[in-house]
Number of protein chains: 2
Amino acid sequence: MEFRLDRAIEVLRRTPETLRALLAGIAEPWARGDEGPETFSPFDNLGHLIDGEETDWIPRARLILARGESVRFEPYDRFRHRSRNADRTLDSLLEEFQRLRAANLDLLESWHLGESQLDLPGEHPALGPVTLRQLLAAWVVHDLGHVAQVARVMAKQYGDEVGPWVQFLPVLTDHRKPRS
Amino acid sequence: MEFRLDRAIEVLRRTPETLRALLAGIAEPWARGDEGPETFSPFDNLGHLIDGEETDWIPRARLILARGESVRFEPYDRFRHRSRNADRTLDSLLEEFQRLRAANLDLLESWHLGESQLDLPGEHPALGPVTLRQLLAAWVVHDLGHVAQVARVMAKQYGDEVGPWVQFLPVLTDHRKPRS
């Protein structure tokens, strides 16, 4: 499937509501369970997505579109949310994510990006040269990866409860070493 | 996390709305893309979940609770949905799944299952002896596995569009051999 801005936005608009359906008001053990040390709970995944709204995707797109002397991105802090959200509730994060995402997508749409703009270059601090199109495609895939991660982390909370069914439930065993 | 019926139902009730938020009205390439031959698209995942409502979880729970001479389950057909849903739309499957799931959970709640009933035995045709508790835990994990699978399959449609970001997006590479 080739990248199309409208098709990308179509998915990006759905993520807050998807996570709300899965998580709003859910019991703490589901919201806070993780896959072990240094892994993300559903609550952490949501904090990480909020960090992306504030520090990653749109700020990097702005940098590319500004066409200044340097198009090198700021490194992204994967653990910014840990201290930021120490006193927050899951439901308040859901609301914040929904608000930030809606504003970011309204901004993205207001740019009316054409093909030549999508080809503009940026520089990732670790990955090197990238394009605006790749940045926006990565935003979509990153969202879906975290939806999948939230579901997987929740599934693993019942890893010991399914008995012999574990053989038929690859979501429990396909990520022995969890990656986010 | 130990199995609790109310905590299980809490998750099972969310799956239809989660899939609706992710998929209702979405463009065909997102709905119908898959991971290669013999793998499930989001549309197929939904068909498979409907098959589960009609032929798997509740019918097997009924068999266990009936305490008859045999508690051996009927084998489950993973491809029943292929012919069943050939002419259906994604949105009609979303509605059907929501209706079937709501009725099945109402029934499950109406049984007011206690601990001793949750320990009752069944016999899986491939896995051998199981309990009703394990069946219900597997239902929850199975749901979450398919939510994760839908998100993963959608992500992979942009596998070639993210450029060098593929290194940082494990959802694209952690399942070289997709399992459902």
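**Close-ups of a predicted two-chain model**

The two copies meet through the same surface, because 100% of the interface residues of chain B are also interface residues in chain A; contact here means heavy atoms within 4.5 Å. This is a predicted model, where local features need pLDDT of at least 70, side-chain atom pairs count only at pLDDT 80 or more, and totals for chains, interfaces and linings use all residues; side-chain values use heavy atoms, with hydrogens and water left out. Residues are numbered from 1 along each chain as its sequence is written, and chains are lettered from A, ligands numbered from 1, in the order in which they are written.

View 1. Turn chain B by 180°, shift it 0.0 Å along the axis, and it lands on chain A with an RMSD of 0.0 Å. That is the relation of a two-fold axis.

**View 2. Helix 4 against helix 6 in chain A.** Helix 4 (residues 42-66) and helix 6 (residues 90-110) of chain A pack at about 20°, their axes 9 Å apart. Helices are DSSP runs (H or I, at least four residues) and strands likewise (E, at least two), numbered from the N terminus. Axes are lines fitted to C-alpha atoms, for helices over the stretch in contact, with angles from 0 to 180 degrees between N-to-C directions. Helix 4 and helix 6 of chain A are therefore roughly parallel (angles under 35 degrees). On the helix 4 side, the residues that meet helix 6 of chain A include Phe43(A), Leu46(A), Ile50(A) and Arg62(A); among their partners in helix 6 are Leu93(A), Phe97(A) and Leu107(A). By class, this contact has twelve nonpolar, two polar and five charged residues (Ala, Val, Leu, Ile, Met, Phe, Trp, Tyr, Cys and Pro are nonpolar, Asp, Glu, Lys and Arg charged, the others, Gly among them, polar).

**View 3. Pro125(B) in its loop.** Pro125(B) sits between strand 1 (121-124) and strand 2 (128-131) of chain B. At 27% relative accessibility, Pro125(B) counts as partly exposed (buried is under 20% relative accessible area, exposed over 50%, partly exposed in between; 1.4 Å probe, protein chains only). Glu74(B) is 51 residues away in sequence, yet 7.0 Å from Pro125(B) in space, C-alpha to C-alpha.

**View 4. Helix 1 of chain B, mostly covered.** Seven of the eight residues in helix 1 (residues 5-12) of chain B are buried, including Leu5(B), Ile9(B) and Leu12(B).

Conventions:
Angles under 35 degrees count as roughly parallel, over 145 as roughly antiparallel, 65 to 115 as roughly perpendicular and the rest as oblique. Copies are superposed by least squares on the C-alpha atoms of residues with pLDDT of at least 70 in both.
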